Amino acid sequence: MDGSRRFVTSPLDPIGAPHWVGRSAELGVLHEHLMSLRRGAGGCVLVEGPPGIGKSALVGEAVRTVDADEVLVLRGSADEFCVSLPFQLITEALRPVDGDEPAPEPDSLWGAGARNPLAAGVQEALARVERACAVRPVVLIASDLQWADQASLTVLGSLLRLTEQLPLLLVGEVTTGSQRDHVHQLRRTFTTRDAAHVVVGPLNDEESVLLAEAFLGLPLSAGLRELALQTGGNALHIRELVAALLRERRVEERSGFAHPVPGPDGGTQLPTSLSAAIADRLGYLSDDTLEALRSASALGAGFDPGELAAVLGRPLEQVAKALGEAAESGVLDDRGSTVEFHAPLLRQALYESMTPAVRALRHRQIAQRLSDAGRPPERVAAQLVRAGSDPDDWTLTWLTSSGTALLHRAPQLAVDLLQHATAHLDRADERREPLEAVLAMAAYLRGRFEECETIATRVLGSTAEPDRAGEMTWIIGCVLFHTGRYAEGIELATGAATRWQLSPVWLARLRALHGMLTLGTALGPEQDGSVIPRVTEALELGRDLEDAHTVAYAANTMWTYLFAKKEFDAAAACLDEGLAGAEDDPRLADIRFVLASNKMHHLRGADISDERVWATARAARKAALECGSARVGTVLGMTAGLAYFEGSWDDALADLEVVDDDLADGYTKFTVKGLLALIKVRRGDVDGAREQLDGIGDPDVLLTCARVNSTNYWHARLALADREGRDDDVLVLLRRVLAEEFGAVAADYHRILPRALRLARAAGMADLAAEVVACAGRAADRDDRKVVRAVAWHCQGVAAADPDLLRRALDYFDGAVWAAEAAECADDLAVVLAGTGDMDAARTAMRDAAERYLALGATGDLDRADARWREAGLRRGARGTRTRPATGWESLTPTERRVAELVAEGLSNPDIAERLLSSRRTVQTHVSRILGKLGMRSRLEVARAVVEGAHQSAVS
């Protein structure tokens with residue numbers, strides 16, 4: 001070849017090219033969203049197109065000029081090998097959140113002992129993003145969503161909703177044609193949240209030529225233009241075509257243009273398809289490099305060089321040399337701690353160059369070497385899933401030893417492998433039993449009680465291992481407890497203790513289980529003493545063995561029994577003992593939550609509203625986040641109950657309304673919907689109250705295991721029947737709630753009695769009214785809490801028409817901050833005073849009661865009170881009506897104002913939740929309402945409004 005020719009050699013980096021080619025409309029959409037982000041407004045963009053079309057390059061060009069000090073850019077990508085590994089995409093994206101610190105390991109997003117570890121991890125991931133947004137606006141780019149794992153998709157779905165109130169721009173990249181249901185759902189979520197949908201199609205002819213010229217740095221001659229137009233406008237194909245030209249020295253510069261150079265055989269044939277171009281590129285690599293890349297392709301789109309060295313069994317220096325050659329050829333990109341294939345199609349071509357049989361063998365070899373190198377079990381499991389065929393001896397041995405650890409790190413992956421393994425084992429195979437034991441635990445953790453019971457019963461019937469028998473008995477017993485089958489559970493626990501030579505630890509735990517189950521049948525007045533022996537024995541054994549598991553469960557059972565017996569001091573000591581042992585053990589997060597929640601309820605019921613209540617609530621909230629979604633819902637229900645008692649009904653609703661059905665187990669649904677229904681009916685929303693009660697399901701089933709916390713449910717049903725004029729139902733309900741067993745068991749039974757008394761008197765049922773007053777007196781005799789005594793004064797004051805008793809009760813309710821009870825007491829005081837003829841005092845009490853009802857928003861209660869007051873000769877008229885405007889600063893509730901102030905301080909939603917002892921989701925609800933009421937689009941606007949308002953107040 002003529003030595004005077006100047007061959008073209010040019011870097012192939014379109015992002016670094018001096019001129020971006022085409023896509024002006026698509027870039028405009030992204031730039032517009034980035035401008036809004038700088039102003040504090042979030043948004044979402046979905047970028048979609050076929051493989052190699054340039055989706056990632058487009059997004060990269062849009063964020064290329066972003067100032068890193070002004071906006072934080074996070075990027076995570078998925079691949080088909082990681083689709084079963086929880087949090088892979090979102091973990092990669094969160095790498096820069098903590099500055100220069102290493103990326104968090106995926107398992108750091110959830111507690112190893114969590115009842116629902118994935119749900120807990122979702123909450124933690126969202127909190128990290130929200131805290132990042134509090135520092136500066138964030139762009140989060142999620143690439144290759146078609147391969148995203150379910151946990152990451154769940155996080156992204158929640159982040160989409162957060163873009164309405166956070167300075168967060170969420171950009172998703174997805175390949176056209178993905179058939180995964182979760183991706184369809186996410187796509188629908190994007191498009192229903194006013195997201196921009198950017199469809200990246202082929203470049204037109206002019207743009208295809210311009211892109212090739214940008215790669216070469218020269219205008220194309222007619223011959224090269226023709227080649228460029230054969231690429232179908234696919235940016236990756238154009239890049240690979242130019243790479244092939246440069247690699248073979250097939251381009252020369254003449255007269256300022258790039259011209260094709262014939263090959264050695266005189267022809268001008270070059271790869272005319274993308275796959276051919278990729279094959280041509282890979283053909284230039286050495287055999288050692290190709291072999292290393294094939295194993296790398298089985299690891300996924302991104303990999304750790306050290307991990308690849310372990311897989312290959314080669315020194316890292318030798319592997320680094322092969323990776324360097326691949327990087328120089330444009331196959332790999334160095335990302336610092338990881339190496340990635342430049343394009344998914346490059347990895348795919350290498351992976352598919354192996355036959356299916358070879359691929360399966362390689363995956364299994366990789367799994368074994370990853371295990372030998374001490375890599376996390378989910379990395380090993382992902383390779384075994386890809387191997388696909390019947391499990392060999394090594395796989396079964398590994399699952400037996402690592403199945404439990406895998407279950408807590410990648411639950412679905414563990415279940416898939418375990419089910420596949422057990423399906424290929426005979427019943428007599430000794431390896432089947434330990435694998436099925438892990439499957440039973442998996443079913444329990446996922447709330448699949450029927451499946452759990454079936455598997456665990458099968459294991460229990462065949463095992464010869466006492467400890468395994470103890471574990472399976474505990475799991476089955478817990479299922480029976482949750483489903484209200486107490487007698488079956490007692491028989492099971494008793495039989496296991498006599499059948500097996502159990503270790504002292506398991507013997508103690510089954511004693512605690514026996515006590516839990518006995519409690520389910522022993523809360524009535526006739527069977528009280530049957531709980532004590534087993535629970536006391538379990539507590540003593542747990543203390544002697546220093547087994548926090550036994551002590552925690554037995555202490556909670558003892559508390560429930562003593563609390564129902566109204567022995568509050570002894571009950572409180574049980575809670576403290578159980579919490580002390582469970583404090584630092586992540587495996588006991590669930591029972592720690594139960595203990596802390598019960599302590600919070602205990603303290604408030606004892607008229608304690610100081611820091612002890614809030615400290616306990618913080619402990620319950622922390623444990624709930626470790627446990628996962630169902631417990632988060634439960635703690636929201638508990639804090640909503642506190643807000644309800646204190647009269648902050650807006651705050652209570654904010655907590656309750658974020659507890660969706662998919663977040664709440666049956667018990668939580670019962671308690672949450674009962675309180676929601678009660679607030680709604682008291683506020684006059686009859687349809688809303690009925691909807692909540694209808695959504696509970698079969699209450700008789702739930703009442704079996706939720707009698708202690710059933711007061712709100714019965715109170716709501718009674719109030720709703722009254723509002724709807726169903727007098728017969730009112731009387732039936734009255735008799736049911738006055739039953740002796742209900743009064744002895746329900747924790748807050750007294751709260752329903754003043755309403756019951758009013759309804760009985762209104763129905764002319766003097767005997768029933770007298771029974772209500774007698775019930776109030778009996779409750780006060782067996783329950784030494786002051787609030788119960790005050791309710792008795794209230795009922796006795798109404799029955800005896802004694803204003804002094806009512807005033808005594810009202811003074812107590814005000815001092816102890818029992819807002820609803822105080823409003824009802826003032827209501828009855830007005831009627832009693834009118835009956836005595838003291839109309840001036842009656843009108844004063846009426847106006848006081850009306851103000852109290854209005855402060856609660858209890859317009860339904862006020863309507864009923866107005867009718868009673870008119871019968872007593874009292875008319876409120878138009879005075880006392882106080883409504884909050886629908887928009888503007890005055891429309892904000894006190895809590896919303898406080899949240900707005902904390903937003904102005906720059907706090908994130910999780911940090912505000914910590915400050916207010918609330919949940920992240922509740923704060924999210926508050927912020928959304930603030931934005932809507934103020935007509936604003938961003939937290940930045942809210943912060944400005946708060947600052948300006950404070951300045952104006954200071955000036956005035």
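This section describes the confidence, sheet, nonpolar cores, backbone exceptions and cysteines of a predicted model.

The protein averages a pLDDT of 81, and 83% of the residues score at least 70. Where pLDDT is low, the predicted coordinates should not be read in detail.

An open sheet is formed by five strands in the order S3-S4-S5-S2-S6, with parallel pairing. The edges are taken by strand S3 (72-77) and strand S6 (196-199); each has a single partner strand, so one side of each is left without a neighbour in the sheet. On average, neighbouring strands of this sheet are turned by 15° against each other, direction ignored. Within the sheet, strand S2 (residues 43-49) and strand S5 (residues 168-175) pair in the parallel sense over seven bridges. In this pairing, Glu48 has Val174 of S5 as its bridge partner.

The loop between S4 and H5 contains Asp144. Although Asp144 is not a glycine, this residue has a positive phi of about 55°. Asp144 counts as buried, because its relative accessibility is 19% and the limit for a buried residue is under 20%.

A positive phi is also found at Ser255, a residue other than glycine, with a value near 55°. Ser255 lies in the loop between strand S7 (251-254) and strand S8 (257-260). With a relative accessibility of 75%, Ser255 counts as exposed.

The largest nonpolar core comprises 114 residues, of which Phe303 and Leu332 touch the most other members. The greatest contribution to this core comes from helix H25 (residues 548-564), which supplies eleven residues. Residues up to four places away in sequence aside, Phe303 touches Ala296, Leu308, Leu323, Leu332, Thr338, Val339 and Phe341. Another core, of 88 residues, lies apart from the largest one; Ala760, Ala769, Trp793 and Ala822 are among its members.

The cysteines were examined for disulfides. A disulfide is a covalent bond between the sulfur atoms of two cysteines. With a cut-off of 2.5 Å between cysteine sulfur atoms, the count comes to zero disulfides. For Cys795, the closest cysteine sulfur belongs to Cys775 and is 9.4 Å away, which is too far for a bond. Cys795 is buried, at 0% relative accessibility. Cys574 is buried as well, with a relative accessible area of 10%.

Notes:
Residues numbered from 1 in each chain as written. Predicted model: local features only at pLDDT ≥ 70, side-chain atom pairs only at ≥ 80, totals over all residues. Heavy atoms only, no water. Buried < 20%, exposed > 50% of the residue type's maximum accessible area, 1.4 Å probe, protein only. pLDDT = per-residue confidence, 0-100. Pairing = 2+ DSSP bridges. Helix = DSSP H or I, 4+ residues; strand = E, 2+ residues; numbered from the N terminus. Axes fitted to C-alpha atoms, helices over the stretch in contact; angles between N-to-C directions. Core = buried A, V, L, I, M, F, W, Y, C linked by side-chain atoms within 4.5 Å. Contact = heavy atoms within 4.5 Å.
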